[in-house]
Amino acid sequence: MYREDNNNDKIKGFVKKAGKGILCFLATLGILFALLFFACCIPKYKIRDNMLESANYLLENEDLFHQLKPGDRRTEIHNYADATTLNILYSVDGKNLLWEVVMSPFYSDKMNLEKSVTELLTERIRFERPTDTLYDRYWHGMIMLLKPLFLLFTLQQVRWIFTGTLIVCMLILTMMLVRQKQYLSTILLWLGALSVQFWMAGFCIEYFPVFLITFLSSVCMVLWEEKRERIIQLCIVSGVCVAFFDFLTTETLAF
């Protein structure tokens, strides 16, 4: 009888934790999607000037795979992907906003391979070209952060904001580890960060969110290291956020 009651308690405990995990998953996804939708409600005329200046800058001053230090691929900025993201960002601005958020329309001149994506971005904004292609196979949650920022800043300024944010997060995490006398972890953290030149993620829109999520999750892990249930919920939130934002090969950092 005792064993049966014990097994029932374990099952109930498992179901309860699983239920909390599912609710945490749905709540996180719902909040992120709502924030994305409200960000997309910003009319494009309010960001047009900063977007056009940014597009002109990319077209005139940087290559599709621009290297801040020529010959060093560790300093490479992937403008190919970022220009497409900006094209979609500017294009999500119609009457059927929910459809546009999901389907991600953008201007590609019918996939004209003779034009670079930075040329297409510039044409989209300068001449208000209509959208002609959908990027629905890929999710662009990064628009949630970018569109409000373009109300006040250009792409060049956004890059420095992102870079500064990563550096501040790195310093905060370092101080927290040092206070807990986790000196080896601190050294390994910096060796890993320096080896991949983590600050470069601030210059690449596609890579920034996962680095930021990783730093913020790490800070929370240090704060809640003895609270197992909260850590599990944090892992769920982290996973949903990584999948929601625009990501490529950096998602494994979240682990």
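This is a predicted model: local features need pLDDT of at least 70, side-chain atom pairs count only at pLDDT 80 or more; totals for chains, interfaces and linings use all residues.

Me: Why is helix α9 called roughly antiparallel to α10?

Reply: Helix α9 (residues 208-223) and helix α10 (residues 228-244) pack at an angle of about 175°. Angles over 145 degrees count as roughly antiparallel, so α9 is roughly antiparallel to α10. Their axes lie 10 Å apart.

Me: How do you know which residues make the contact of α9 with α10?

Reply: Contact means heavy atoms within 4.5 Å. On the α9 side the contact is made by V210, I213, S217, C220 and M221, and on the α10 side by I231, L234, C235, S238, C241 and V242. By class, this contact has nine nonpolar, two polar and no charged residues.

Me: What makes a space a cavity or a pocket?

Reply: A 1.4 Å probe fits in a cavity but cannot get out, whereas a pocket is open. The structure holds two cavities of 30 Å³ or more. The largest cavity has about 60 Å³ of space, and its lining includes L36, W139 and H140. The largest pocket has a volume of about 530 Å³.

Me: How do you know what lines the second largest cavity?

Reply: Lining residues have an atom within 4 Å of a point of the space. For the second largest cavity, these are A83, T84, N87, F106, Y107, V117 and L120. Helix α3 gives the most, with three residues.

Note on methods: Residues are numbered from 1 along each chain as its sequence is written. Side-chain values use heavy atoms; hydrogens and water are left out. On a 1 Å grid over the protein atoms alone, a cavity is a set of points where a 1.4 Å probe fits but cannot get out, and a pocket is an open set with protein on both sides within 12 Å along at least five of seven lines; lining residues have an atom within 4 Å of a point. Grid points are joined across faces, edges and corners, and a volume is the space filled by probe spheres set on the points. Axes are lines fitted to C-alpha atoms, for helices over the stretch in contact, and angles run from 0 to 180 degrees between N-to-C directions. Helices (H or I, at least four residues) and strands (E, at least two) are DSSP runs, numbered from the N terminus. Angles under 35 degrees count as roughly parallel, over 145 as roughly antiparallel, 65 to 115 as roughly perpendicular and the rest as oblique. Ala, Val, Leu, Ile, Met, Phe, Trp, Tyr, Cys and Pro count as nonpolar, Asp, Glu, Lys and Arg as charged, and the others, Gly among them, as polar.
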